[in-house]
There are 2 protein chains.
Amino acid sequence: MAHEFDAAIAHTPGPDGRYDVRLDEGWHIGGGVNGGILLSTLAHAIGTQLPAKPDPLVVSAHYLGASVPGEATVSTRVIREGGTVATAEATLHQDGREKIAVLATYGDLGRLDGEVRTPVEPVAMPDPDQCIPADMAPGRTPPLMDRFDLRFDPATIGWALGEPSGEGEIRAWMRLKDGREPDPLVLLTIVDALPPVVFDLGYRGWAPTLELTAHVRARPAPGWLRVRAWTTNVAGGLFEEDCEVWDSTGRLVAQSRQLAMTPRG
Amino acid sequence: MAHEFDAAIAHTPGPDGRYDVRLDEGWHIGGGVNGGILLSTLAHAIGTQLPAKPDPLVVSAHYLGASVPGEATVSTRVIREGGTVATAEATLHQDGREKIAVLATYGDLGRLDGEVRTPVEPVAMPDPDQCIPADMAPGRTPPLMDRFDLRFDPATIGWALGEPSGEGEIRAWMRLKDGREPDPLVLLTIVDALPPVVFDLGYRGWAPTLELTAHVRARPAPGWLRVRAWTTNVAGGLFEEDCEVWDSTGRLVAQSRQLAMTPRG
């Protein structure tokens, strides 16, 4: 039952809210360990400090530098715990430097009221078996891509063949390849696991994230996640990337936005 | 030349990155001091610590409780300063409690490259003189509304007359009433100054923000700001609100997203 996702975000608790972690080379991508699995790792540690507020509702991460596979330390501090929500801060240190700083507000998604009034619809995509598996991509794929069963919408995969659509959007079905079903911690990885959306505008290369904020709005149902990522603003060497994640029941379970550096390549 | 906006965000520097501030009752709204002017106040203090990185590029704020007019303290700490960006944390304390926790990444918007490739267009609205001034709103308006020359798009102001459009969107032209031209600090107030977008879905009442992240992408040109706020997800007693701010030249100068509590009223 040792799913590779859970192994990747595992920690050894220490004193004073500190956790030792080991960043796994299997989640490497481009210039460092994927920002999504790092976010899940930090959120896992924060959640351990907040047993009565099990779910991340909103997590804001500022990335100060690339993290590499190997030992690292997560330091957490609960800033305030109230009746229904709690806010905490956390940092990831590696090689004596702060690599990521996080603020997070936690609660209990199971205790929210049942109202769902979502003005937008799940993005239209062909069924997974009509989509393009990531392992059919030409060339060598980074280790991160092997962690997922990932099926690209054919309409947004032209960039892999040198023919970007120019719309700045990438859509895909995603689930973990090891069979682990999605939960809020998995969603924090999913929102930063697709290739940078600017690939669909013709850019290629490493696109380091400066900041990413994710909202987790419901515990996802088992099965495929429907993921849409797009940009509305590429300017001044930076781009904004939005991501929506829908579960297999058609519920909008996560939304994220990041500010990243436009690749120079 | 003492613009009321600058008076509202003014501070008295103390030791160790601390600043004494006085929250102004003129920016009160519903259950407390407006989250936008608080964000500008915190960002102003952080910027004072980072003379070589004058502009907030991305600011993430978690709101722990309402702030009231009167004395408060802002504590800042620079986490890391690099060649082109720096990241800092800040908190606002009042009455012995942490009210807001912020992470922010700063840089120099004047040194970014001139590329602008923004896939979206400025939202269409009638000219300001064809829009509805906020001071024509029925009933008593909160103090915050007096700080702006604010003109609502007639298509998105039906909620003020009990006829919400049901689209979950509010559009308006905005500028400071005292004549101060916009800059990055003003943009941080603008992204949280409109009424909650859920008013356009028929909700009324106080909608406290849990978290707001704003990207500032360019120093705005003088003149009117074109502001669009909308929601894509109202569920479980929480709603997401996005905001875009365009300057008078048609440049997308700021984007924000917040997670807030849906009014019970």
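Student: Leaving out residues up to four places away in sequence, which residues does B:Thr41 touch?

Tutor: Two residues are in contact if their C-beta atoms, placed from the backbone, lie within 7 Å. By that rule B:Thr41 touches B:Ile9, B:Val21 and B:Val74. Keep in mind that this is a predicted model, where local features need pLDDT of at least 70 and side-chain atom pairs count only at pLDDT 80 or more, while totals for chains, interfaces and linings use all residues. As for names, residues are numbered from 1 along each chain as its sequence is written, and chains are lettered from A and ligands numbered from 1 in the order in which they are written.

Student: Is B:Thr41 buried or exposed?

Tutor: A residue is buried if 20 or more other C-beta atoms lie within 10 Å of its own, exposed if 12 or fewer, and partly exposed in between. B:Thr41 has 29 C-beta neighbours inside 10 Å, so it counts as buried.

Student: Where is B:Thr41 placed?

Tutor: In helix α2 of chain B. Helices (H or I, at least four residues) and strands (E, at least two) are DSSP runs, numbered from the N terminus.

Student: How do I check the length of α2(B)?

Tutor: The expected span is 1.5 Å times one less than the number of residues. For the 14 residues of α2(B), 35–48, that gives 20 Å, and the end C-alpha atoms are 20 Å apart, which agrees. In chain A, helix α2 has 15 residues, 35–49, and reaches 22 Å, close to the 21 Å expected.

Student: Why is α2(B) described as largely enclosed?

Tutor: Because 12 of its 14 residues are buried. Among them are B:Gly35, B:Ser40 and B:His44. For α2(A), 12 of the 15 residues are buried, so that helix is also largely enclosed by the rest of the structure.

Student: What is a nonpolar core?

Tutor: The general idea is that in soluble globular proteins, nonpolar side chains tend to be buried together. Here, a core is a set of buried Ala, Val, Leu, Ile, Met, Phe, Trp, Tyr and Cys residues joined through C-beta atoms within 7 Å. The largest one has 169 residues, and B:Leu42 is one of the five that touch the most other members, along with A:Leu42, A:Ala104, A:Val245 and B:Val245. Beyond four places in sequence, B:Leu42 is in contact with B:Val74, B:Ala90, B:Leu92, B:Ile100 and B:Val102.

Student: Which strand pairs with β6(B) through 8 bridges?

Tutor: Two strands pair if DSSP finds at least two bridges between them. Strand β7 (residues 86–94) of chain B pairs with β6(B) in the antiparallel sense over 8 bridges, and a hairpin of 4 residues joins the two. In this pair, B:Val74 stands opposite B:Leu92. Strand β2 (residues 18–23) of chain B also pairs with β6(B), residues 70–81, antiparallel over 6 bridges; there B:Val21 stands opposite B:Ala72.

Student: How many residues of chain A are in contact with chain B?

Tutor: 42 residues of chain A, meeting 42 of chain B. Strand β14 (residues 225–235) of chain A gives the most to that side, with 5 residues.
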